[in-house]
Amino acid sequence: MNKILNANMGKRKTPSNPLLIFRTDIKTRKKVKVIKPLFNNHPLIVKWSVDTEDIDNVLRIETINDISENEIIILLKACGFHCEPLED
């Protein structure tokens, strides 16, 4: 069973919410706790999760408006993490 750590801030969800998916180096619950305030308090992020048991430590982010992949990469880099867009 995969451990998926997530947060839903109760922001309004619409069918057109963009979904961004990244490969990360966020491998533990402790590391997820580091980014939790960053994503929970971001005004454009509706929901996010990190699958710490997936080989790619997949980060999924659902947004209200378009946030660029580069913005997420910069935010995580500022916290000391690496991520890159995960292609289909």
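**Fold, core and local features of the predicted model**

In the protein, residues 24 or more positions apart account for 68% of the contacts (heavy atoms within 4.5 Å) with a separation of 6 or more. The structure is a predicted model, in which local features need pLDDT of at least 70 and side-chain atom pairs count only at pLDDT 80 or more, while totals for chains, interfaces and linings use all residues. Residues are numbered from 1 along each chain as its sequence is written, and side-chain values use heavy atoms, with hydrogens and water left out.

The protein contains 2 helices and 5 strands, arranged along the sequence as β-β-α-β-β-α-β. Helices (H or I, at least four residues) and strands (E, at least two) are DSSP runs, numbered from the N terminus. Of the 88 residues, 34% are buried; buried means under 20% relative accessible area, exposed over 50%, and partly exposed in between (1.4 Å probe, protein chains only). The protein exposes about 5600 Å², of which carbon and sulfur atoms supply 52%. Accessible areas come from the Shrake-Rupley method with a 1.4 Å probe, and for residues only the protein chains shown count as cover.

E3 runs antiparallel to strand E4 (residues 59–63), to which 5 bridges join it; two strands pair if DSSP finds at least two bridges between them. The loop between E3 and E4 holds Asn57. Phi of Asn57 is near 45°, a positive value in a residue other than glycine. Most residues other than glycine have a negative phi. Asn57 is buried, at 5% relative accessibility.

The largest nonpolar core has 16 residues, and those with the most contacts inside it are Ile35, Phe39, Trp48, Leu59, Ile61, Ile72 and Leu76. Strand E2 (19–24), helix H1 (29–40), E3, E4 and helix H2 (69–78) each supply at least two residues of this core. A nonpolar core is a set of buried Ala, Val, Leu, Ile, Met, Phe, Trp, Tyr and Cys residues joined through side-chain atoms within 4.5 Å. Apart from its neighbours within four places in sequence, Ile72 is in contact with Leu20, Phe22, Phe39, Leu59, Ile61, Ile67 and Cys83.

Cys83 is buried, at 4% relative accessibility, whereas Cys79 is partly exposed, with a relative accessible area of 29%. A disulfide is a pair of cysteine sulfur atoms within 2.5 Å, and by this rule the count is 0.
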